[in-house]
Amino acid sequence: MLPWKRVFRPLAALLLTAAVAAVPAATAHASDAPSRGWNDWSCKPSVTHPRPVVLVHGTLGNSVDNWLSLAPYLKDRGYCVYSLDYGQLPGVPLFYGLGPIDKSAEQLSAFVDKVLSATGTDRADLVGHSQGGMMPRYYLKFLGGSAKVNALVGLAPDNHGTDLDGLTHLLPYFPGAEDLIKATTPGLADQIAGSAFLTKLNAGGDTVPGVHYTVIATKYDEVATPWRDQYLSGSDVHNVLLQDLCPLDLSEHVAIGLFDRIAFHEVANALDPAHATTTTCASAFS
């Protein structure tokens, strides 16, 4: 691949993510969600689905726009569904997930406590896209989240960081670039493969006991790369490649979280494995 193409592809993906986040609403935030059927604080989990589901958006996403398809999908299947905004930088509206990831995990911890209190439950399930599938692992491992979470489902999570299709390997050739990223957007710096944050997160193993982990990846991912680095190792881990379920699925990093119903079907299976059904190309119409 020509060098300029290696630079353009990940940058284009990030711009696409930002554009998608900006289109639906100029002031999207969690308080808008009730009108769309989730963040209903009066919702009580059913016997069939006894745990609330907390949706964790990705970098540059927010609690509404990232979930305009998946939240109603789960709500229609009888789940109490909630989403939060995290990682906001001062003076930066709309685009979240840019702050230090350990601090974002603290925000997730407080939000899960709020959800558990409102629903009267002991445990929640977490579903996250991109950073939102990786960041909760810090909460589980270091902030006591393993006692409050039953399952973590990651859609294209950068569990072992990303090289942005090789782009990050160019940083040493630009003196001061890495320090600038750390200073201005620490949430991005934390996600670069080999960062101090990821070294701490993955030291001693990818998982913690008592939590069920599912990773749903696509081989067409151009942001969380290499895509195989999304996979986790552990005794209670289910790693899934979308194209093994449906070879026709062309979703890349953004699409897998925003509107891919084949991926959503696999999310539903992970949340309720006792009633799981085979995910195929036909799941796009289920």
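Predicted model: local features only at pLDDT ≥ 70, side-chain atom pairs only at ≥ 80, totals over all residues.
Local features were considered at pLDDT of at least 70 and side-chain atom pairs only at pLDDT 80 or more, whereas totals for chains, interfaces and linings use all residues. Residues are numbered from 1 along each chain as its sequence is written, and side-chain values use heavy atoms, with hydrogens and water left out.

Helices (H or I, at least four residues) and strands (E, at least two) are DSSP runs numbered from the N terminus, and two strands are taken to pair if DSSP finds at least two bridges between them. Strand β4 (residues 149-155) pairs in the parallel sense with β3 (residues 124-129) over 6 bridges and, also in the parallel sense, with β5 (residues 212-217) over 5 bridges. Within β4, Leu152 is the bridge partner of Leu126 and stands opposite Tyr213 in β5. Because 7 of the 7 residues of β4 are buried, this strand is largely enclosed by the rest of the structure; buried denotes under 20% relative accessible area, exposed over 50%, and partly exposed in between (1.4 Å probe, protein chains only).

With a disulfide defined as a pair of cysteine sulfur atoms within 2.5 Å, the count comes to 2. The sulfur atoms of Cys43 and Cys80 are 2.0 Å apart, and the torsion about their S-S bond is about -80°, so this disulfide is left-handed. Cys43 and Cys80 are both buried. The link of Cys246 and Cys281, with S to S 2.0 Å, is right-handed, with 100° about the S-S bond. Cys246 counts as buried at 3% relative accessibility, whereas Cys281, at 27%, counts as partly exposed.
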